[in-house]
Amino acid sequence: MTVAFFSGKGRRIGVALGAVSAGLLVLSACDKPTPLATVTVGDNSVSAEAACYNDGKALKNSDAQKCLNKDAEKSIDVSMTDTVHFGVDPEIADNGWTLFVDGQRGEPEPSKKTYRSITGSAFFSSQSQTGEAPKNTQISIVETKGAKVIGIWHFKLKKTD
């Protein structure tokens with residue numbers, strides 16, 4: 001003769017509690033996602049997590065420099081007459097952020113706004129001796145806190161005719 005230790009309802013509750021516990025265990029092992037940065041041109045948008053980020057703490061200078069040289073994984077088409085919109089999560093704006101163009105600082109002071117717009121022609125000025133404008137430009141959004149780099153997001157702007 002066998003004796004049921006748990007009723008059908010008790011087994012279902014036990015299975016449900018086990019599933020919830022397992023789910024919480026899996027979620028606790030996940031990394032917190034980095035803040036997002038977004039570039040929008042017309043109706044098209046691309047968003048990216050940081051290429052380099054240390055959970056909101058400053059990156060080593062050598063790591064930040066290496067990261068600025070990484071290639072962008074996300075790209076968006078831009079014409080000379082388009083307006084390029086940059087958006088960042090509020091926590092990036094709280095510290096301040098600066099645009100870097102092809103690895104070089106593009107502006108003197110960081111912005112504390114979550115959203116900015118710049119004309120596409122600003123990113124495709126002629127940089128060679130032939131006077132031809134580049135076909136692609138890498139834009140990096142660099143979050144700073146004072147002189148320290150907190151995170152870097154990369155986007156490639158692809159020039160269209």
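S75 comes out as partly exposed in this predicted model, at a relative accessible area of 33%; partly exposed covers the range between buried (under 20% relative accessible area) and exposed (over 50%), with a 1.4 Å probe and protein chains only. The residue sits in strand β4, residues 75-78. Strands here are DSSP runs of E with at least two residues, helices are runs of H or I with at least four, and both are numbered from the N terminus. Setting aside neighbours within four places in sequence, S75 is in contact (heavy atoms within 4.5 Å) with V46, K156 and K158. S75 and K158 are 83 residues apart along the chain, yet their C-alpha atoms are 6.9 Å from each other.

A word on bookkeeping. Residue numbers start from 1 along each chain as its sequence is written, and side-chain values use heavy atoms, with hydrogens and water left out. As the model is a predicted one, local features need pLDDT of at least 70 and side-chain atom pairs count only at pLDDT 80 or more, while totals for chains, interfaces and linings use all residues.

Zooming out, the protein has 3 helices and 10 strands, running α-β-β-β-α-β-β-α-β-β-β-β-β along the sequence. Of its 161 residues, 34% count as buried. Among contacts with a separation of 6 or more, 64% come from residues 24 or more positions apart.

Now for the inside. A nonpolar core is a set of buried Ala, Val, Leu, Ile, Met, Phe, Trp, Tyr and Cys residues joined through side-chain atoms within 4.5 Å. The largest one has 22 residues, and V39, F86, W97, I141, F155 and L157 touch the most other members. Elements giving two or more residues to this core include β1 (37-41), β5 (83-88) and α3 (90-95). Apart from this core lies another, of 9 residues, among them L59, A64, F100 and V149.
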